[in-house]
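Please look over the chain shown below.

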Amino acid sequence: MKKIAIFFFIVIVIVTAMSYLYFNYTRQYNIAKQENKKFEEYYEQEIYGYDLATVINRAVDTNQTNQVEKDKKGKYIDNDNNSIKIDIKILDTDETYDMEYLYSGGMDKFVKYYGEIQFKCTKLEYHKSTNKVKYMLFEQITQ
(Lines give C-alpha, C1' and ligand atoms only; values in the text may rest on other atoms or scores of the structure.)
Protein backbone atom coordinates (compact mmCIF):
# COMPACT_ATOMS: atom_id res chain seq x y z
CA MET A 1 0.00 0.00 0.00
CA LYS A 2 2.85 2.36 0.88
CA LYS A 3 4.61 1.65 -2.42
CA ILE A 4 1.49 2.45 -4.42
CA ALA A 5 1.04 5.78 -2.60
CA ILE A 6 4.69 6.70 -3.25
CA PHE A 7 4.35 5.71 -6.90
CA PHE A 8 1.24 7.89 -7.39
CA PHE A 9 2.92 10.78 -5.55
CA ILE A 10 5.94 10.57 -7.88
CA VAL A 11 3.68 10.40 -10.94
CA ILE A 12 1.73 13.46 -9.77
CA VAL A 13 4.96 15.40 -9.15
CA ILE A 14 6.29 14.50 -12.63
CA VAL A 15 3.02 15.45 -14.36
CA THR A 16 2.86 18.73 -12.44
CA ALA A 17 6.46 19.58 -13.31
CA MET A 18 5.94 18.79 -16.99
CA SER A 19 2.74 20.87 -17.07
CA TYR A 20 4.54 23.81 -15.46
CA LEU A 21 7.38 23.62 -17.98
CA TYR A 22 4.95 23.42 -20.91
CA PHE A 23 2.84 26.37 -19.75
CA ASN A 24 5.95 28.43 -18.99
CA TYR A 25 7.32 27.72 -22.48
CA THR A 26 3.97 28.64 -24.06
CA ARG A 27 3.83 31.89 -22.09
CA GLN A 28 7.41 32.83 -23.10
CA TYR A 29 6.64 32.00 -26.74
CA ASN A 30 3.52 34.18 -26.75
CA ILE A 31 5.38 37.08 -25.13
CA ALA A 32 8.15 36.87 -27.74
CA LYS A 33 5.60 36.63 -30.55
CA GLN A 34 3.76 39.69 -29.28
CA GLU A 35 6.95 41.75 -28.87
CA ASN A 36 8.26 40.68 -32.28
CA LYS A 37 5.06 41.77 -33.99
CA LYS A 38 6.03 45.43 -33.39
CA PHE A 39 9.18 44.95 -35.49
CA GLU A 40 8.49 42.07 -37.89
CA GLU A 41 5.80 44.00 -39.72
CA TYR A 42 8.55 46.17 -41.27
CA TYR A 43 10.64 43.31 -42.66
CA GLU A 44 10.91 43.45 -46.47
CA GLN A 45 8.55 46.46 -46.46
CA GLU A 46 9.21 49.86 -47.97
CA ILE A 47 8.61 52.58 -45.39
CA TYR A 48 9.22 56.29 -45.14
CA GLY A 49 11.77 57.92 -42.88
CA TYR A 50 9.16 59.08 -40.40
CA ASP A 51 8.03 55.45 -40.00
CA LEU A 52 11.65 54.44 -39.51
CA ALA A 53 11.92 57.07 -36.77
CA THR A 54 8.98 55.35 -35.06
CA VAL A 55 10.74 51.97 -35.28
CA ILE A 56 13.92 53.46 -33.81
CA ASN A 57 11.96 55.07 -30.99
CA ARG A 58 10.29 51.71 -30.24
CA ALA A 59 13.65 49.94 -30.18
CA VAL A 60 15.18 52.53 -27.85
CA ASP A 61 12.11 52.38 -25.62
CA THR A 62 12.24 48.58 -25.55
CA ASN A 63 15.93 48.63 -24.64
CA GLN A 64 15.29 51.14 -21.87
CA THR A 65 12.32 49.16 -20.55
CA ASN A 66 14.40 45.96 -20.53
CA GLN A 67 17.26 47.84 -18.84
CA VAL A 68 19.76 46.95 -21.56
CA GLU A 69 23.15 48.34 -20.61
CA LYS A 70 25.16 50.77 -22.72
CA ASP A 71 28.88 50.79 -23.42
CA LYS A 72 31.17 53.80 -22.97
CA LYS A 73 30.17 55.14 -26.39
CA GLY A 74 26.47 55.07 -25.47
CA LYS A 75 25.60 52.07 -27.63
CA TYR A 76 23.37 49.31 -26.35
CA ILE A 77 25.18 46.10 -25.51
CA ASP A 78 23.79 42.86 -26.94
CA ASN A 79 22.63 40.82 -23.94
CA ASP A 80 21.61 37.67 -25.89
CA ASN A 81 18.16 38.00 -24.40
CA ASN A 82 16.02 41.03 -25.25
CA SER A 83 18.22 43.79 -26.67
CA ILE A 84 17.46 45.31 -30.07
CA LYS A 85 19.91 46.95 -32.46
CA ILE A 86 19.00 48.81 -35.64
CA ASP A 87 21.41 49.96 -38.35
CA ILE A 88 20.47 52.35 -41.14
CA LYS A 89 22.39 52.42 -44.42
CA ILE A 90 22.20 55.87 -46.04
CA LEU A 91 22.90 56.14 -49.78
CA ASP A 92 23.75 59.85 -49.64
CA THR A 93 26.88 59.25 -47.57
CA ASP A 94 27.30 55.54 -48.37
CA GLU A 95 27.62 54.88 -44.63
CA THR A 96 25.76 52.78 -42.10
CA TYR A 97 24.61 54.51 -38.94
CA ASP A 98 23.43 52.86 -35.77
CA MET A 99 20.18 53.87 -34.11
CA GLU A 100 21.98 55.39 -31.12
CA TYR A 101 23.78 57.86 -33.38
CA LEU A 102 20.56 59.01 -35.01
CA TYR A 103 18.65 59.02 -31.73
CA SER A 104 21.26 61.10 -29.92
CA GLY A 105 21.38 63.56 -32.84
CA GLY A 106 17.65 64.08 -32.55
CA MET A 107 15.00 62.15 -34.40
CA ASP A 108 13.39 65.44 -35.44
CA LYS A 109 16.46 66.22 -37.57
CA PHE A 110 16.33 62.75 -39.13
CA VAL A 111 12.64 63.16 -39.95
CA LYS A 112 13.30 66.66 -41.34
CA TYR A 113 15.86 65.39 -43.86
CA TYR A 114 14.74 61.80 -44.43
CA GLY A 115 11.02 61.80 -43.58
CA GLU A 116 9.92 61.50 -47.21
CA ILE A 117 12.74 59.14 -48.21
CA GLN A 118 11.95 55.44 -48.50
CA PHE A 119 13.78 52.70 -46.62
CA LYS A 120 13.50 48.94 -46.66
CA CYS A 121 14.29 46.46 -43.91
CA THR A 122 16.61 43.94 -45.59
CA LYS A 123 17.84 41.97 -42.61
CA LEU A 124 16.18 40.63 -39.47
CA GLU A 125 17.90 38.53 -36.82
CA TYR A 126 16.65 36.90 -33.62
CA HIS A 127 18.16 36.05 -30.24
CA LYS A 128 18.79 32.31 -30.14
CA SER A 129 17.74 31.90 -26.51
CA THR A 130 14.44 33.82 -26.61
CA ASN A 131 13.56 34.14 -30.33
CA LYS A 132 13.02 37.87 -29.84
CA VAL A 133 14.11 40.36 -32.51
CA LYS A 134 17.81 41.12 -32.07
CA TYR A 135 18.86 43.12 -35.14
CA MET A 136 17.34 44.99 -38.07
CA LEU A 137 19.02 46.62 -41.05
CA PHE A 138 17.22 49.33 -42.98
CA GLU A 139 18.59 50.52 -46.31
CA GLN A 140 17.70 53.74 -48.09
CA ILE A 141 16.08 52.93 -51.44
CA THR A 142 15.21 56.41 -52.74
CA GLN A 143 17.17 59.64 -52.80
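What follows is a short report on salt bridges, a cavity, a surface patch and a few residue pairs.

## Basis

This is a predicted model, in which local features need pLDDT of at least 70, side-chain atom pairs count only at pLDDT 80 or more, and totals for chains, interfaces and linings use all residues. Residues are numbered from 1 along each chain as its sequence is written, and side-chain values use heavy atoms, with hydrogens and water left out.

## Salt bridges

Side chains of opposite charge can pair when their charged atoms come close. The structure holds seven salt bridges (a side-chain nitrogen of Lys or Arg within 4 Å of a carboxyl oxygen of Asp or Glu). One of them joins Glu44 to Lys120, with the closest N and O atoms 3.7 Å apart. Glu44 sits in the loop between α1 (2-40) and β1 (46-48), and Lys120 in strand β4 (residues 118-126), so the pair ties together parts 76 residues apart in sequence. Helices (H or I, at least four residues) and strands (E, at least two) are DSSP runs, numbered from the N terminus. Glu44 is partly exposed, at 39% relative accessible area. Lys120 is partly exposed too, at 25%. On this scale, buried means under 20% relative accessible area, exposed over 50%, and partly exposed in between (1.4 Å probe, protein chains only).

Asp98 and Lys75 also meet in a salt bridge, at 2.8 Å from N to O. This pair links distant parts of the chain, 23 residues apart: Asp98 is in strand β3 (residues 95-98), and Lys75 is in the loop between α2 (49-65) and β2 (85-90). Asp98 is buried, with a relative accessible area of 11%. Lys75 is partly exposed at 32%. Another bridge pairs Glu125 with Lys123, their closest N and O atoms lying 3.3 Å apart. Glu125 is partly exposed at 29%, and Lys123 is partly exposed at 37%.

## Cavity

Rolling a probe the size of a water molecule over the atoms shows where empty space is left. A search of the whole structure finds one cavity of 30 Å³ or more. A cavity is a set of points, on a 1 Å grid over the protein atoms alone, where a 1.4 Å probe fits but cannot get out; lining residues have an atom within 4 Å of a point. Grid points are joined across faces, edges and corners, and a volume is the space filled by probe spheres set on the points.

The largest cavity has a volume of about 70 Å³. Which element gives the most to its lining? Helix α1 does, with four residues. The lining includes Glu35, Phe39, Asn66, Ile84 and Lys132. By class, it has three nonpolar, five polar and three charged residues. Ala, Val, Leu, Ile, Met, Phe, Trp, Tyr, Cys and Pro count as nonpolar, Asp, Glu, Lys and Arg as charged, and the others, Gly among them, as polar.

## Surface patch

Ile6, Phe9, Ile10, Val13, Ile14, Met18, Tyr20 and Leu21 form a nonpolar surface patch, with about 860 Å² of accessible area together. Of these, Ile14 is found in helix α1. Patch residues have over 30% relative accessible area and no salt bridge; like charges are joined within 9 Å, nonpolar side chains (Val, Leu, Ile, Met, Phe, Trp, Tyr) within 5 Å. Areas come from the Shrake-Rupley method with a 1.4 Å probe; for residues, only the protein chains shown count as cover.

## Spacing along the chain

Val15 is in helix α1 and is partly exposed at 48%. Val15 and Glu35 are 20 residues apart in sequence and 30 Å apart in space, C-alpha to C-alpha.

Leu91 lies in the loop between β2 and β3 and is partly exposed at 36%. Leu91 and Glu139 are 48 residues apart along the chain, and their C-alpha atoms are separated by 7.9 Å.

Terms used: On a 1 Å grid over the protein atoms alone, a cavity is a set of points where a 1.4 Å probe fits but cannot get out, and a pocket is an open set with protein on both sides within 12 Å along at least five of seven lines; lining residues have an atom within 4 Å of a point.
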